[in-house]
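Have a go at each one before you read the solution.

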Amino acid sequence: MVLIKLNPTVGAMDAAASSKHSAVLHRHLDTTFLNMVRSEGNFLILENGRKIFDASGGAAVGCLGWGDQRVAQAVTNQVLAAPYCATIFYTTRVQEELCRDLVQSTNGAMARAYIVNSGSEAMEAAVKLARQYFLEIDQPQRTRFISRKQSYHGITLGALAVGGHEVRRAKFEPLLTKNVSRVSPCNAFRGKVPGESDEEYAERLAKELDEEFQRVGPENVCAFVAEPIVGAALGCVPAVKGYFKAVRDVCDKYGALLILDEVMCGMGRSGTLHAWEQEGIVPDIQTIGKALGGGYQPVAGLLAGHRVVNALEKGTSVFVHGHTYQGHPAGCAAALEVQRIVREENLLSNVRAMGDLLSSRLREMLASHPNVGDIRGRGLFWGIEFVADKGKMVPFPSEDHVCMEICQLGLTDKYGINVYPGGGSVDGNSGDHIIISPAFNVSREDVEWIAATVGRLVSDYFAAKAGAQ
């Protein structure tokens, strides 16, 4: 989601109609959107036949590319067999198999899974489950959450409240719960002080988190919420080594839960199925989405650890939450087939290999560019942050809309590439980045083309911007 006014002239010939003449309540009501009629492999195909290479998988959603007949057939078969399940009375084989598959993928670390339709829904469920856990163990005073600045955990009110994306919060601030406080993100590019080691930086951030627990009363905190690799809000920023072990220790010290949001960075995107596997820790609750179903159906979920599930089983045994479409059979079928393909085709090894190639090529192309501040990420999840002054790390003014203008330029015939924009990476308002997150089965040739095209796109954009000043 990008909260700026789009250029109404970009791609006008590819669209059926301006949104002003549409019955759709679009994200922006005064612009023209490209009319996509189909998608094949890595390409999005517009109404006039023009192809755009999807180098971001939408919002890091597409993990198999588009048009996989195996997934489409699995969904079709499920819709014909049982398109809907009222989960108050029934379950389905496909939901049971998916949840078993997800639990087993954690090597016994997690106990049960809960399937919903979006990452925001998953985070709402995580927040409520964390609260109910403490009711089950007779600690009703725990009502607070701690998260991080420049974070994003979803757009619904509960999820928005635990996030720290200032632009997305601003209009709804009076409606958001006030029992959430935020600490600094783990962003080595902007957070480390000169001469500070990664270990010292992690220790300093853990101390800040500990002090926040003490400030609000450690007995009042339900959970600390964080993304292992910060996606939309910061642009693919991984934590320094040792950070998550340190925050896990702080949570354990005060009896709070650790909720990891892996909606964007998880399900293989970072090179392991679960991003926390690379951190040497296990969360109490984990949210998943996007690459879970690869965009073939709206599906997301929550994984709950044994500590949480045991308390529920020994207590009321009822999770006081639910959706009409939770555990939707078609969504479960899509996710089950996508995950089978990822596993059987050993695509995570390709994510790691092609991720290494992508990172090295992007750095070769752009590391020395005067307007590229940082290139960071893991697996096939890479972000490029832009700066107006590289020496001082000064961002562009937010009104310049740098990230969106780069992405719009990428959609033109000259480049034909889709990358994902993000803003607010410096302070929640200013700061521009783009995300490159292609499909897990991307080829070496594709990665070479992506890196070369992104390099050309960024260089051309800033050359034109400098010439216009």
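**Exercise 1.** In this predicted model, Asp 284 forms a salt bridge with Arg 307. Work out how far apart the closest N and O atoms are, and where the two residues sit in the chain.

*Solution.* Next, the chain: Asp 284 lies in the loop between strand S10 (257–262) and strand S11 (285–288), while Arg 307 belongs to helix H10 (residues 306–314). The partners are 23 residues apart, so this pair links distant parts of the chain.

**Exercise 2.** Decide whether Asp 284 is buried or exposed, then classify Arg 307.

*Solution.* Buried means under 20% relative accessible area. Asp 284 has 8%, so it's buried. Arg 307 comes in at 31%, so call it partly exposed.

**Exercise 3.** Find the spacing between Lys 207 and Glu 211 in helix H8, and say how accessible each one is.

*Solution.* First, the contact: these two form a salt bridge, with 2.4 Å between the closest N and O atoms. Both sit in helix H8 (residues 198–216), and because they're 4 residues apart, about one helical turn separates them. Now accessibility: Lys 207 is exposed at 52%, whereas Glu 211, at 41%, is partly exposed.

**Exercise 4.** How many salt bridges does the structure hold, and which residues join Arg 190 in a network?

*Solution.* The count is 26. As for the network, salt bridges link Arg 190 with Asp 374, Arg 376 and Glu 385.

Definitions and conventions
Residues numbered from 1 in each chain as written. Predicted model: local features only at pLDDT ≥ 70, side-chain atom pairs only at ≥ 80, totals over all residues. Heavy atoms only, no water. Salt bridge = Lys/Arg side-chain N within 4 Å of Asp/Glu carboxyl O. Buried < 20%, exposed > 50% of the residue type's maximum accessible area, 1.4 Å probe, protein only.
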